[in-house]
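Please look through the structure shown here and ask, for each label put on it, what the label rests on. The questions and answers that come after take the labels in turn.

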Amino acid sequence: MRILLAEDDPLLGDGLRAGLRQLGFQVDWVRDGAAAERELRAEPYAAAVLDLGLPRQDGLDVLAAIRRAGVTVPVLVLTARDAVPDRIRGLDRGADDYVVKPVDLHELGARLRALVRRSHGQPAERLEARGLVLDSTTRKVHLDGASIALSTREFDLLHVLMLHAGRVLTREQIEQRLYSWGEEVESNTVEVHVHYLRRKLGAARIRTVRGVGYQLVDDDEAA
Amino acid sequence: MTAAAPRLPSLQRRVLALVLGAVALVWLASGLFTWFDARHELDELLDGHLAQAAALLVAQQVRAVGETEGDDEDHRRVDAPSLHRYAPRVTFQVWHEGRLALRSSNAPTEPMAPPGGRFEPGFHTVALGDARWRVFAAEGAEHDVQVYVGERIEARLSILRAVLRSTLWPVAAALPLLALAIWWAVRQGLGPLRQLGRALAARDPRTLEPLAISGAPVEMRPALDALNALFGRIGELIDSERRFTADAAHELRTPLAAIRAQAQVALGEADVDARRHALRATLEGCDRAARLIEQLLMLSRLEATEGLVLQAVELAALVRQVCATLAPAAQHKEQQVALDAPLPCTVAGDEALLTVLVRNLLDNAIRYSPRQARIELRLRRDGEAVTLDIEDGGPGMAEADIARIGQRFFRVLGHDAPGSGLGWSIVQRIAAAHGATLSVGRSARLGGLSVRVRLPAAGAAPSTAHQAGAGNLAHRAS
C-alpha cells in the first residue's frame, strides 16, 4: 500500500518512513507543504500522513487545497497541535483522522489501514472474493480455508487487485500503487508477480485484459 | 475568639479613641481656662466690692464715732441685720481706737487681722473658725478707725464652680452623643476600606482582573493602584508560565514522536545496519529533546529576569573563547571561522549570558552554512558602543523570514539542520536585557546572514538594568 508521508522533521520523518515500511507500506516522504500538495494531486496514494506545521505551506492549507481539487485520498493528520479547536479545524478541513504526536507505529499503521479500507467501502480488515480471503492486518491469505504463502510483493499486488475487485487496473496504475519513488521497476515486474499469483491461486482468478491490464475476477459467471 | 487572643488593632477604634481623646483634652483645657479666667475676673470684681464696702464703712464710721461717744460698749457692738441670704457669706468689723465699734452678726470679736495680729491695710486671707475668709482691711485718715470687710472664700469658690459647671456640663452631657456621632462618622469614612475588603474577599482567587472600586477616595488610590499593578504582574507571570508549559509540551512532542518511531523501528528491524541507524537516530532524538528543554528553561529564566547585575566583561576574550569552543563543529563541516577582534572591548554585561548570546549566533551560523563556508566575526569599538558582526556564507534569510525571526519556535524551514528556533528568542532576550540592539540582514561579503549586535560600552550601561535575581540565572546559565 503506497502512502505519502509529509513531515518536515528529519528524524521523525526518517523514523516514520522506516517504521511504516516495516509494516508493509510503501512510503514516499516529502518535507514541505507544497510538495505534499503536488504529490497528492499527481499520484494515486492509498493514504497520506500529514504533519500540520509544514514549511512553505501549512498542512491545513494542503488539506483544503487537495479537497477543493477533488482529491479524495484518506488523510491522517499527525501533529503536535493537540487542542480541541485544532482537531475540529483539521477534521473540518477534510482530514479523515487526527492523531497527536507521539504515536505508536503499529497504531498509526492500523489507522492507515482502516482509512484505506473505509475509503474502499470495506468494513473489515478482511477482503473476500469467492472463497479468497485477505487479511491486511496479519498479511495472511486463505483460499477456501487453506493458507496460501505469498511474498510481500505478491501480497501487495493481490491486496491492490482485491481492493479494486472487478475493476480493470492498468499496469501503470498497479505500479503506482505498489512502488514508492526510487524503486527500480522492471517493465515486466507486474507480469511476473501476476504469474506467480496465478500459480498459487488458480489461473482464472486474475484475468488479463489484453493491452489494458488486469482484473480480479469476483463474480461467479466469469469463472 | 477567646479572651486570651490578642485584639487586632482596629482603625475604627483608633480613630475613635484619638478623636474622643482630643475632644476631652480640648474640653478640659477650656474648663481650666474658664476656671482661671473666671477666678481672676471674680476676684477683681469682688475684691473691688470689698474695698468699696470697706471705704464706705470707714467714711461712715468716722462720722458715727462722734455721735456714739460715751455709749456703752455693748451698744456700740451693732449687729448688722442679715438682709440677704448671701449675708452670712460676708462679714465686717469696725474698730475704733482699738475697740470693736461695729460688726456683722457673723463677725468674730477678735480683729480679722492677718496671722501676725497687726493691722495691715489691704487684702489678706484669714481663717475664722473652720472657714477661710478674704478680708480687706482699711483705716481712717487718723488711724483711729480700722475696718475689716471679709468674704468667705468658699462663697467665691462656689460661684466659680457654678460658672465652671455651666461651661462644662453641656459638653459633658453631649460627650456620649459626640462619641456616637464620631463613631458613626469614622465608620462612614472608612466605608471604602471595608468595601475594598469585601471586594477582595468576594473575588475568585484565580481572577486577576484589576479591582475597580467606584469613587475610591484619593487616600486609597495608591494602595488600589499598587494592588492592580500587582495583579497585572502576577497575571503576566502566570501567562508566561502557562505559555512556557504549553510551548514546552508542544515542542517536545515532535522529538518524542521521533524517538518513539525510531525505537520501534529498531525493535522491529532484523537488518543490523538498519537497526543501528534507527538506534543512532533514537539517541539523536534524545539529544535534541534535551537541548530543547535546556533552551526552553533558559528562555523561561530570561523571561522571569527583571534585570541583570552588570559587570565589566571583556568581549573580545569572550568571543575568542566561544570560537574556540565551537571550532570542532565548524571543522566537522570544513568551515572557516575567522575572528577579527584587534582591541580589547569592555562592555557592561553578564558574562554567562553574553557567552550564551555569542554561542547561539555562531552556532546558528555554523549550523545553517553549507560545508566549507566561511564565517566571519568582527568586533569593533566606536565611541559609546561595541559592535559585534557575525556573517556567514549560508543561504541567508528572506525578508519575510527576517520579520518573523524570534517568534517562538519559528525557524526557517526547508533546512535539515535540527533546531527549535528558540535560539534566536534567547539571543533577543539577552540583548534586550543588556540594552543592546540586534539587526539582521544579508551579508554583502559572504552572501549569507549578517547579524549585528550593538552593545553599550562599559561605563555607558543602560539605566534599566538593575539588581535582580540575575546572579542565580547567570550562575545556572553558565
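Q: What makes the span of helix α4 of chain B agree with expectation?
A: The expected span of a helix is 1.5 Å times one less than its number of residues, and helices (H or I, at least four residues) and strands (E, at least two) are DSSP runs numbered from the N terminus. Helix α4 (residues 191-202) of chain B has 12 residues and should therefore span 16 Å, and its end C-alpha atoms are 16 Å apart, which agrees. This is a predicted model, in which local features need pLDDT of at least 70 and side-chain atom pairs count only at pLDDT 80 or more, while totals for chains, interfaces and linings use all residues. Residues are numbered from 1 along each chain as its sequence is written, and chains are lettered from A and ligands numbered from 1 in the order in which they are written.

Q: How do you know whether α4(B) lies in the open or is buried?
A: A residue is buried if 20 or more other C-beta atoms, placed from the backbone, lie within 10 Å of its own, exposed if 12 or fewer, and partly exposed in between. Of the 12 residues of α4(B), the number buried is 0, so this helix lies largely in the open. For chain B, 26% of the 478 residues count as buried.

Q: Why is Val440(B) counted as it is, with 16 C-beta neighbours inside 10 Å?
A: Val440(B), which has its place in strand β12 of chain B, has 16 C-beta neighbours inside 10 Å and therefore counts as partly exposed.

Q: What makes β8 and β12 of chain B edge strands?
A: Two strands pair if DSSP finds at least two bridges between them. The open sheet has 5 strands in the order β8-β10-β11-β13-β12 (chain B), with mixed pairing, and β8 (336-340) and β12 (437-442) each pair on one side only. Neighbouring strands here are turned by 15° against each other on average, direction ignored; such axes are lines fitted to C-alpha atoms, for helices over the stretch in contact, and angles run from 0 to 180 degrees between N-to-C directions.

Q: How do you know that β11 and β13 of chain B pair?
A: Strand β11 (residues 385-392) and strand β13 (residues 449-456) of chain B share 7 bridges in the antiparallel sense, with Glu391(B) standing opposite Ser450(B) in β13(B).

Q: What makes β12(A) a partner of both β10(A) and β11(A) in the sheet order?
A: The open sheet of 3 strands has the order β10-β12-β11 (chain A), with antiparallel pairing, and its edge strands are β10 (168-170) and β11 (206-209) of chain A. β10(A) and β12(A) pair over 3 bridges, Val168(A) having Gln215(A) as its bridge partner, while 4 bridges join β11(A) to β12 (residues 213-216) of chain A. β11(A) and β12(A) form a hairpin with 3 residues between them, and Gly211(A) in the turn has a positive phi of about 75°.

Q: Which residues make the contact between α1(A) and α5(B), and what is the crossing called?
A: The axes of α1(A) and helix α5 (residues 221-268) of chain B come within 8 Å and cross at roughly 35°. The crossing is left-handed, a term used if the near helix is turned anticlockwise from the far one by less than a right angle, with right-handed used if clockwise. Two residues are in contact if their C-beta atoms, placed from the backbone, lie within 7 Å, and those involved include Leu12(A) and Leu16(A) of α1(A) and Ala258(B) and Ala261(B) of α5(B).

Q: How many residues of this helix contact fall into each class?
A: The contact of α1(A) with α5(B) divides into 8 nonpolar, 7 polar and no charged residues, where Ala, Val, Leu, Ile, Met, Phe, Trp, Tyr, Cys and Pro count as nonpolar, Asp, Glu, Lys and Arg as charged, and the others, Gly among them, as polar.
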